[in-house]
Amino acid sequence: MTSTMIGLHRQGLAHAQRCIDLSPNFALAFLALGLARIFNGNFDDAVDPFLRGMRLSPNEPLTFEFLNGIGLAQYHMGNFEEARHYAENGLAKRRTYGGLRILAAALGQLGQLEDCAPIRVEMEALRPLDVAGQWAASTNYANPAHRAHLVEGLRKGGFVEVPEPISLQGGAGG
């Protein structure tokens, strides 16, 4: 997962797949594969690894991350109601800044601005110390247009302060 988060997109895919090849029942490897596929722009192919990981580990403490991943993939496929559904389910498991961000972007795209106001308040309360670093790590898409699509939903939801993208890696993504 680290490879993907620092912009080594192809390596992130390869590392996640290698983990699965070595241990086909390792649920967290499927989380890594789903995220790597999202950040590589393979949104349709990202959902299955998340679902498989949840089946492999039904009591997984990180289930909220699998649900958030499905929500993010659905968001990027333009399925904003589905994105909302999965983000809300993830948030029911654990309230996180990232989960709230997915929900806010989906609500923004759906034009449900009244529902965004309390989310903005909660996001401010959960705001990470290094917002720019968290933003960079969690939106490090191979294609900058995908980050822009997420920003679009947030802005439609009334989030005017969205961090500028920063690179976590000095060179071109691999």
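A residue is called buried when its relative accessible area is under 20%, exposed when that area is over 50%, and partly exposed in between. In this predicted model, C116 has a relative accessibility of 0% and therefore counts as buried. C19, at 34%, counts as partly exposed. A disulfide is a covalent bond between the sulfur atoms of two cysteines. The structure contains 0 disulfides when a pair of cysteine sulfur atoms must lie within 2.5 Å to be counted.

After α3 comes G41, whose phi is positive, near 90°.

Helix α5, residues 63-76, holds Q74. The relative accessibility of Q74 is 10%, so this residue counts as buried. Leaving aside residues up to four places away in sequence, Q74 touches V47, N79, E82, A83 and Y86.

Across the whole structure, 5 salt bridges are found. One of these joins D115 and R84, with 3.5 Å from N to O. The pair links distant parts of the chain, since D115 belongs to helix α8 (residues 113-125) and R84 to helix α6 (residues 80-93), 31 residues apart. D115 is partly exposed because its relative accessibility is 28%, whereas R84, at 19%, counts as buried. R84 and D115 also belong, together with E88, to a network of salt bridges.

A salt bridge also connects R95 and E122, at 2.7 Å from N to O. This pair too links distant parts of the chain: R95 and E122, the latter in helix α8, are 27 residues apart. R95 counts as partly exposed at 43% relative accessibility, and E122 is partly exposed at 23%.

What do the side chains of K156 and E152 form where they meet? They form a salt bridge, with 3.4 Å from N to O. Both residues lie in helix α10, 4 residues apart, about one turn of the helix. K156, at 42% relative accessibility, counts as partly exposed, and E152, at 36%, counts as partly exposed. The C-alpha atom of E152 is separated by 7.9 Å from that of Q109, although the two residues are 43 residues apart along the chain.

Technical notes
Residues numbered from 1 in each chain as written. Predicted model: local features only at pLDDT ≥ 70, side-chain atom pairs only at ≥ 80, totals over all residues. Heavy atoms only, no water. Helix = DSSP H or I, 4+ residues; strand = E, 2+ residues; numbered from the N terminus. Buried < 20%, exposed > 50% of the residue type's maximum accessible area, 1.4 Å probe, protein only. Contact = heavy atoms within 4.5 Å. Salt bridge = Lys/Arg side-chain N within 4 Å of Asp/Glu carboxyl O.
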